[in-house]
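Have a look at the picture, then read on.

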Amino acid sequence: MFLWNGRLVQEDEIQVSYLDRGYYFGDGIYEVFRIYDGKLFEKQAHLNRLFQSLREVRITLPWSEAELSAMVDSLAETFGKKDGILYLQITRGAAKRSHLLPESAEPSMLGYCEEVVRPVEQLKKGINTITLDDERWHKCHIKSLNLLANTLARQEAADAGAEEAILVRDGRVTECTASNVMIVKKGVIITHPNGPLILDGITKQVVERLAKLSGIPYRNAGFTLEELMDADEVFVTSTTKEVMPVTMINGIKVGSGIPGVITQLLQHGFEQKFKPAAAA
Ligand code: PMP
């Protein structure tokens with residue numbers, strides 16, 4: 001089933017106007033929730049970020065947060081698979097093309113679930129990455145549908161045989177095209193501070209809590225490209241990549257080229273958070 005403007009419908013009932021501002025301007029925002037064992041993971045954190053994004057782009061929903069939350073639950077209940085994602089996007093809606101925000105447009109909302117398999121092999125072995133200039137705008141904390149800079153950078157990484165691009169702005173590492181990035185140096189986890197230059201990842205939030213629980217020092221101090229290349233461990237975090245070791249950057253091994261101990265410890269802690277109690 002699909003969630004379309006507040007109702008659960010079949011795919012053929014979805015009709016998007018050619019005037020939809022999502023189509024012309026990428027004028028909208030989205031969220032990707034993770035479903036583990038049929039249950040939504042960190043649902044409230046995703047809802048909080050969704051409403052934060054909506055406020056930032058001045059889209060007002062005709063539903064309350066509680067109503068939206070119930071719709072997300074109903075959609076997840078129709079999924080019928082164990083592992084997947086719930087994709088939810090909201091555009092400003094249809095209006096005559098104009099750069100000015102329309103006075104009356106009904107937001108369009110689309111949601112659906114999709115099966116996603118955990119990247120188990122990569123989680124064990126780590127991924128290959130490249131570094132690229134961060135060419136995005138200065139409001140990366142908004143989960144905007146405008147992902148052209150991200151998709152082009154991700155493709156450049158793929159063309160170079162890498163799974164992700166680590167983005168660098170003025171010599172400092174911000175995040176990746178679809179994930180946050182952290183380094184470990186002398187036992188300390190370091191990542192970019194929250195603010196307009198990165199998305200406040202939900203997985204990043206979980207990792208911060210896990211680090212604190214495990215007594216691992218965690219600093220939102222940011223780091224330079226040189227510090228990235230000199231790190232003991234590097235990993236990226238996202239809803240679908242989880243805590244993903246980075247073992248290669250620009251063709252150079254990170255540390256000894258295998259996932260580091262702190263990365264593995266965090267991976268273990270992360271798994272415990274979503275594994276069904278019986279298997280934990
Ligand atoms: N940064 C960017 C640019 C992203 O697209 C994502 C994926 N949504 C993340 C970070 C990680 O966020 P999350 O952990 O909430 O998936």
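Predicted model: local features only at pLDDT ≥ 70, side-chain atom pairs only at ≥ 80, totals over all residues.

Two residues are in contact if their C-beta atoms, placed from the backbone, lie within 7 Å. Helix H3 lies across E1, E2, E3, E4, E5 and E6, and runs at about 140° to E5.

Those strands make up an open, antiparallel sheet of 6, ordered E2-E1-E6-E5-E3-E4. E2 and E4 sit at the edges with a single partner strand each, so one side of each has no neighbour in the sheet. On average, neighbouring strands are turned by 30° against each other, direction ignored. Zooming in, E1 and E6 run antiparallel and are joined by 3 bridges; leucine 3 has glycine 111 of E6 as its bridge partner.

Here's where the strands with given ranges fall:

| Strand | Residues |
|---|---|
| E1 | residues 2-4 |
| E2 | residues 7-9 |
| E3 | residues 28-36 |
| E4 | residues 39-41 |
| E5 | residues 84-91 |
| E6 | residues 108-115 |

H3 also meets a helix. The axes of H2 (residues 43-56) and H3 (residues 65-77) come within 11 Å and cross at roughly 130°, so the two are oblique to each other. The crossing is right-handed. Lys43, Leu47 and Phe51 of H2 make the contact with Glu65, Leu68, Ser69 and Val72 of H3. By class, that's 4 nonpolar, 1 polar and 2 charged residues.

Finally, what surrounds the ligand? There are 13 residues around the ligand, with Leu199, Gly201, Ile202, Thr203 and Thr239 coming nearest. The shell has 4 nonpolar, 7 polar and 2 charged residues.

Methods
Residues numbered from 1 in each chain as written. Near = placed C-beta within 6 Å. Nonpolar A, V, L, I, M, F, W, Y, C, P; charged D, E, K, R; others polar. Axes fitted to C-alpha atoms, helices over the stretch in contact; angles between N-to-C directions. Helix = DSSP H or I, 4+ residues; strand = E, 2+ residues; numbered from the N terminus. Parallel < 35°, antiparallel > 145°, perpendicular 65-115°, else oblique. Left-handed = near helix turned anticlockwise from the far one by under 90°. Pairing = 2+ DSSP bridges.
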